[in-house]
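Dear colleague,

Please find below the structure that I am handing over to you. My notes on it follow directly after.

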Number of protein chains: 2
Amino acid sequence: MKKVKVSIRDIAKECNVSVATVSRVLNNSGAVKEETRRLVQSVIERYNYRPNELARGLFTQRTKSIGVILPEITSHFFAKVFLEIEKASIEYEQTVFLCNTLSDNALQDFYTLRLSEKQVDGLLLLGGRVNETKTNVQYVKLLKDYIFPTPVVIINGKLDGYYDRCASVSSDEHEAMFQALDYLTGLGHRKIGFLGGKRGIMSTDIKLKALDEAKSSFDYEMREEWIKLSSYTYQGGVNAMNELLKEKELPTAIISINDEVAAGVINTCISKGIKVPGDFSVLGFDDSSISTITMPGITTLAHPYEELGSIAVNFLNNMINEKPLKDVTNISLKMSLVERESCAAPRRSIRSWK
Amino acid sequence: MKKVKVSIRDIAKECNVSVATVSRVLNNSGAVKEETRRLVQSVIERYNYRPNELARGLFTQRTKSIGVILPEITSHFFAKVFLEIEKASIEYEQTVFLCNTLSDNALQDFYTLRLSEKQVDGLLLLGGRVNETKTNVQYVKLLKDYIFPTPVVIINGKLDGYYDRCASVSSDEHEAMFQALDYLTGLGHRKIGFLGGKRGIMSTDIKLKALDEAKSSFDYEMREEWIKLSSYTYQGGVNAMNELLKEKELPTAIISINDEVAAGVINTCISKGIKVPGDFSVLGFDDSSISTITMPGITTLAHPYEELGSIAVNFLNNMINEKPLKDVTNISLKMSLVERESCAAPRRSIRSWK
DNA sequence: AAAACTGATGTAACGCGTTACATCTCTATT
DNA sequence: AATAGAGATGTAACGCGTTACATCAGTTTT
């Protein structure tokens, strides 16, 4: 293959020194005479020389690249986490490959293999399969077969099987539901519904479980018919709310799986003349950008985005550098309530729009 | 450096063939006896062997990696374009590095150098500096010094200087403004304002220029005091609208730099009891996800996201493979009007809220 | 003055996949 | 039977940065 860029050997020749010396200048390693260093430095600049990371990585077995696999970057939650991951990885001098699986398991496998071929130093997984109970097992096998010993960190997800070099960082959605319920019951709500999401997906299952378990801690009623699952989208919120409105008796507060669904719920109400928070209080999840756009703004539980990203990258690099993870390889971070306008005390009277 | 993964030599040894033969099986190149091929194949699978892309890239001078540099992936516009870029790059077997500059020029330079060291096959640039008139010139120098001859494609931006291996793909925002004005004047509007954005940034300058030029084609009035620049955010929309409302005489229709600004404008109106589209028609730009969330939904001009991404990747790969770009290296794509509820005919009477 | 040591620099192997070229076997042609 | 040609496979150099080890000059110690 013909070469086109200047290499370390070209620089060495031009300086009348060996490649070892140039390499030492490049890495500030070993002893180099000040005069030589300046000479080499100046030639490097004159030639706009930059070392080839491939060659470096081939020898050092470290590419300074990491891979992030997630379902869709257009989803605000993933975009925010990704941005924090990238910010955090600057410190470790890592550059990141982003792979969107579009929730397609085959594509996820494909990208996983691809990143392995690219010799990434670590893998960050969020959402998608690590969020589902199905198909997760096969994925662990893939990791074992092709990724090991490259370390993996899961963000807000889990692995159904044992992969030796794995850590995880999560938002504590279970505790967040307790916060939500505490807040809503504190406002005076006793009848609480749940809209959106899908069973078999972690963020739904956890919240549903918490909703059930919290009954012993707080005073509220929760009925099967007030739970309308659908999806994670605006339209899913619209559909779920329409379903709920068919019920004879209704809750006074609604917890939505996320802010997109909450927006659908709120807008459905408003277009029917139902007041939010007057007739219904609507609580969201995620603190996504649209929570400030709806009117009323959505009161929601925020993920600790920055920590999610920085701790994940930190964990990953500890594993990369074989630093012991001091026993904790799975960490759960508190979510925080962000109050906007979509929740208030329930009305005493019969609903005005009925 | 100790090795940990199995290499082509291990496979060759296990099969009692040469590395060349294994390589031929791997790449389906050259003649290999069917029996040998099967043997090699089976050993590859048994060992879960995957070729090392670094080594391959080092020799072939092709990494099958491309870099995307943009300001912030959390912005819906960039996320959507990015997703399309990634989809398109699958066909070319390319994986993509994503770098967020946070609109910091130093960071943009840093990432550019980094991607060059990683030997990316091509670079995709969107927004940020390629969108500003300032500092752009220095960036071209950086490209020339360190990126050349790696090809570059600019999406919705420009380079103030000549970089030999560059193409661009843009949404035709100039024509889109004519569409907007045609639509609004068709509805009966004669007084049109413009909110949001910032001078010196392409998407603002283009629209402002078109707003002025279209006066000869359509019948409308446009006054300096109806143009309130601010930023590209929701808050920027709120601020700009508040400024506009201080004017004695007001337009009946407002064009916003993008949908975020339009949302701010709409919500500002609504909270003041001003009707949209009753009292003001509000037109957005971009067709971002929030345009369906506001009430009313935002009538907006949509970017041809899919083409933007696929053509950019296509251009890039033509340059990578030295295919002539048949004269057109800069292409401009039509935007399309998406009607929702934020625009209507102007009222005849004095505004009700005054 | 010899030995020991420090600092500066060079040599060459290494990591790993690819491919030009060489070699060898076997069939087909005349 | 001799030659040409096709097919299969091996050898070794290459791309490029890194580093263990060797070498050599110059200085310090005794």
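Which element supplies the largest share of the surface near DNA strand D? In this predicted model, that element is α2(B), with four residues. Helices that each supply at least two residues of this surface are α1 (8-15), α2 (19-27) and α4 (53-60) of chain A, together with α2 (19-27) and α4 (53-60) of chain B.

There are 29 residues around DNA strand D, and Ile8(A), Tyr49(A), Arg56(A), Ser18(B) and Thr36(B) come nearest. By class, 15 residues of the surface are nonpolar, nine are polar and five are charged.

Several contacts involve phosphate oxygens of DNA strand D. Asn27(A) places a polar side-chain atom 3.1 Å from one such oxygen.

Ser342(B) counts as buried because its relative accessibility is 0%, where the cut-off is under 20%. A polar atom of the Ser342(B) side chain lies 2.5 Å from the backbone oxygen of Val282(B), and the side chain also reaches the backbone nitrogen of Thr299(B) at 2.8 Å. Beyond its neighbours within four places in sequence, the residues in contact with Ser342(B) include Ile266(B), Phe280(B), Pro296(B) and Ile298(B).

With kind regards

Definitions and conventions. Residues are numbered from 1 along each chain as its sequence is written. Chains are lettered from A and ligands numbered from 1 in the order in which they are written. This is a predicted model: local features need pLDDT of at least 70, side-chain atom pairs count only at pLDDT 80 or more; totals for chains, interfaces and linings use all residues. Side-chain values use heavy atoms; hydrogens and water are left out. Buried means under 20% relative accessible area, exposed over 50%, partly exposed in between (1.4 Å probe, protein chains only). A polar contact is a pair of N or O atoms within 3.5 Å; within protein, one must be able to donate a hydrogen and the other to accept it, and residues adjacent in sequence count only if both atoms are side-chain atoms. Contact means heavy atoms within 4.5 Å. A residue is near a molecule or strand if one of its heavy atoms lies within 4 Å of it. Ala, Val, Leu, Ile, Met, Phe, Trp, Tyr, Cys and Pro count as nonpolar, Asp, Glu, Lys and Arg as charged, and the others, Gly among them, as polar.
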